[in-house]
Amino acid sequence: MSEEISAKKIMDFLKPRMNARFKTWLNICAHCALCADTCHFYLANDRDPKMIPAYKVTFLKDILRKKGKVDREYLQKVYDTVYHECNLCRRCALFCPFGIDIALMIGLLRSLLFSLGIAPEGLKAAIENYRATGNQMAVSEEDWVDTLEWCEEETADELVGLKIPIDKKGAKIMYTVNAREPKFYPQDIMEVAKIFHVAGEDWTLPSKEGWDDTNLAMFCGDMETARKVVENTFKRADELGVQQVAVTE
């Protein structure tokens with residue numbers, strides 16, 4: 001966090017996003033604490049009041065009240081809370097009598113921090129990889145296709161006639177994977193190929209951007225990159241004319 005914190009930049013980010021729904025949620029919370037027992041962070045930390053979901057979003061109200069005039073130390077507290085004390089499971093929203101979606105507001109705080117360049121380094125690196133290559137592990141198109149061809153060759157030794165179709169137009173299913181699979185776990189691709197082969201499914205994998213079905217940008221609130229990742233998959237599906245998109249895991 002070497003850059004100076006600009007109150008104007010904070011408010012310019014928040015103002016257009018503070019729609020009626022967010023404003024209502026911030027104002028109607030009755031602090032009843034019914035969300036407390038729904039939070040595993042609260043239960044795992046000896047019922048620390050600071051771990052109550054409703055308390056965690058008071059940062060958002062506070063930043064608005066201060067018109068964005070907060071310092072680095074304050075933002076570090078926000079960072080610690082939104083990344084280390086909430087995993088956006090949304091269980092608290094299911095128990096809120098007013099239907100307040102606290103995870104959505106935590107997500108907004110993550111987006112705000114990301115706009116200021118504040119996010120876990122690992123996620124920032126993954127986002128750069130998405131932007132450069134379309135996948136979180138920066139696997140090149142050449143390496144991706146080579147891996148699929150190698151997987152087909154290895155697996156065909158066990159199941160004669162097994163194919164891993166690439167860019168097969170009109171296939172029923174376009175299969176997508178976690179980018180860690182070609183990088184570290186190609187055996188997962190081989191196992192799936194066996195299942196599709198034995199099941200007699202009509203399937204394929206895209207060779208270009210869109211085959212990575214992870215979306216780590218979403219966890220940082222980087223909606224622009226998150227949308228691009230999803231659009232890549234839809235674009236490939238349209239180009240290939242498939243009926244369904246299947247995801248790994």
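Asp101 has a relative accessibility of 9%, so it counts as buried; the term buried means under 20% relative accessible area, exposed means over 50%, and partly exposed lies in between, with a 1.4 Å probe and protein chains only. This is a predicted model, in which local features need pLDDT of at least 70 and side-chain atom pairs count only at pLDDT 80 or more, while totals for chains, interfaces and linings use all residues. Residues are numbered from 1 along each chain as its sequence is written, and side-chain values use heavy atoms, with hydrogens and water left out.

The side chain of Asp101 meets that of Arg90 in a salt bridge, at 2.1 Å from N to O. A salt bridge here is a side-chain nitrogen of Lys or Arg within 4 Å of a carboxyl oxygen of Asp or Glu. Asp101 lies in the loop between α7 (91-95) and α8 (102-115), and Arg90 in the loop between α6 (72-84) and α7, so the pair ties together parts that are eleven residues apart in sequence. Helices (H or I, at least four residues) and strands (E, at least two) are DSSP runs, numbered from the N terminus. Arg90 has a relative accessible area of 40% and is therefore partly exposed. Arg90 also has a phi near 70 degrees, a positive value in a residue other than glycine. Most residues other than glycine have a negative phi.

Asp46 is another residue with this feature: its phi is positive, about 55 degrees, although it is not a glycine. Asp46 lies in the loop between α3 and α4. With a relative accessible area of 76%, Asp46 is exposed.

A search of the whole structure finds 15 salt bridges. One of them joins the side chains of Arg47 and Asp37, at 2.5 Å from N to O. This pair links distant parts of the chain, ten residues apart: Arg47 is in the loop between α3 (40-44) and α4 (53-56), and Asp37 is in the loop between α2 (20-28) and α3. Arg47 is partly exposed because its relative accessible area is 45%. Asp37 also counts as partly exposed, at 44% relative accessibility.

A further salt bridge is found within a helix. Asp62 is paired with Arg65, and their closest N and O atoms are 2.5 Å apart. Both residues lie in helix α5 (residues 58-65), three residues apart, which is about one turn of the helix.

Patches are made of residues with over 30% relative accessible area and no salt bridge; like charges are joined within 9 Å, and nonpolar side chains (Val, Leu, Ile, Met, Phe, Trp, Tyr) within 5 Å. Glu142, Asp143, Asp146 and Glu149 form a negative patch. Lys and Arg count as positive and Asp and Glu as negative, while His and the chain ends are not counted. Glu142 is placed in helix α10 (residues 141-156), and its relative accessibility of 58% makes it exposed. A nonpolar patch is formed by Met218, Phe219 and Met223, which together have about 300 Å² of accessible area. Accessible areas come from the Shrake-Rupley method with a 1.4 Å probe; for residues, only the protein chains shown count as cover. Met218 is in helix α13 (residues 217-220) and counts as partly exposed, at 45% relative accessibility.

Val229 is in helix α14 (residues 223-240). Its relative accessible area is 7%, so Val229 is buried. Leaving aside neighbours within four places in sequence, Val229 is in contact with Tyr130, Asp212, Thr214 and Asn215, where contact means heavy atoms within 4.5 Å. The C-alpha atoms of Val229 and Tyr130 are separated by 7.3 Å, although the two residues are 99 residues apart along the chain.

The chain as a whole comes last. Its secondary structure comes to 14 helices and three strands, and its C-alpha trace spans about 65 × 40 × 30 Å along the principal axes. Of the 249 residues in the chain, 46% are buried. Among contacts between residues at least 6 apart in sequence, 77% join residues at least 24 apart. The accessible surface of the chain comes to about 13,500 Å², and 53% of this belongs to carbon and sulfur atoms.

Definitions and conventions:
Charge placed at Lys NZ, Arg CZ, Asp CG, Glu CD.
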